[in-house]
Amino acid sequence: MTKTDIIGRHDLEILLRHFYQDVLTDPIIGFYFTDVIPFSLEHHLPRVIDFWAQLLFGEMSYQGQLFERHQNLHRQAKLSQHHFHRWLYLLNNSIDLLFEGKNCTAMKTRAARIANSMGEALEQKAPPSTTLDGVQFFNPN
């Protein structure tokens, strides 16, 4: 099968449906979507397509609060850089499996910046580690 570049919203939908199939069953980040927040792929997908269409194609269709939504999620179940790295791994894997080209490279680059900046920003704005809000992960040290 010859892979093509991501050239429009239809390609983004194919990519993101595949990606979320992996995310929803992922042992590391899947629980955020199945247990922590009420998640509907059909409700979420148009927003995510708008987001990536804006970043890749200059469409001005995304109207969301990306950081605020993740900050709310972080309050319920702490997000770490590890979770964002896993998100990035799954996204890059879906891109590589289905597409190749300039827009794919641009999407990976943007996604890496988003993952790093979002993780860092949430860590900086997080309450002290003594606060027992949300899901806590066992740390044997």
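User: Is aspartate 26 buried or exposed?

Analyst: First, a word on what you're looking at: this is a predicted model, where local features need pLDDT of at least 70 and side-chain atom pairs count only at pLDDT 80 or more, while totals for chains, interfaces and linings use all residues. Residues are numbered from 1 along each chain as its sequence is written, and side-chain values use heavy atoms, with hydrogens and water left out. Now the general idea: buried means under 20% relative accessible area, exposed over 50%, and partly exposed in between, using a 1.4 Å probe and protein chains only. Aspartate 26 has a relative accessible area of 7%, so it is buried.

User: Where does aspartate 26 sit, and what does its side chain reach?

Analyst: Helices are DSSP runs of H or I with at least four residues, strands are E runs of at least two, and both are numbered from the N terminus. Aspartate 26 is in the loop between α1 and α2. For its side chain, think of polar contacts: pairs of N or O atoms within 3.5 Å; within protein, one must be able to donate a hydrogen and the other to accept it, and residues adjacent in sequence count only if both atoms are side-chain atoms. The side chain of aspartate 26 reaches the backbone nitrogen of isoleucine 28 at 2.9 Å. The backbone nitrogen of isoleucine 29 is also 2.9 Å from a polar atom of that side chain. Setting aside residues up to four places away in sequence, aspartate 26 touches Phe31, Arg86 and Leu90, where a contact is heavy atoms within 4.5 Å.

User: How many helices and strands does the chain have?

Analyst: Six helices and zero strands. With 16 residues, α1 should span 22 Å, and its end C-alpha atoms are 22 Å apart, which agrees.

User: Which residues of α1 are buried?

Analyst: A handy idea here is that an α-helix has 3.6 residues a turn, so residues three or four places apart point the same way. In α1 the buried residues are Asp11, Leu12, Leu15, Leu16, His18, Phe19, Tyr20 and Val23. Their cover includes α2, α3, α5 and α6. Aspartate 11 has a relative accessible area of 11%, and its contacts beyond four places in sequence are Asp5, Ile6 and Phe99.

User: How many residues are in the largest nonpolar core?

Analyst: A nonpolar core is a set of buried Ala, Val, Leu, Ile, Met, Phe, Trp, Tyr and Cys residues joined through side-chain atoms within 4.5 Å. The largest one here has 39 residues, and those with the most contacts inside it are Leu12, Leu16, Tyr32, Trp52, Trp87 and Met107. At least two core residues come from each of α1, α2, α3, α5 and α6, and α3 gives the largest share, eight residues. Zooming in, tryptophan 87 touches Phe19, Ile29, Trp52, Ala111 and Ala115, leaving out residues up to four places away in sequence.

User: How many aromatic pairs are there?

Analyst: Rings of Phe, Tyr and Trp (its six-membered ring) pair if their centres lie within 6.5 Å; planes under 30 degrees apart count as stacked, over 60 as edge-to-face and the rest as tilted. That rule gives eight aromatic pairs. Phenylalanine 51 and tryptophan 52 have ring centres 5.3 Å apart and planes at 85°, so this pair is edge-to-face. Elsewhere, ring pairs join Phe19, Tyr20, Phe33, Phe39 and Trp87 into a cluster.

Key. The expected span of a helix is 1.5 Å times one less than its number of residues.
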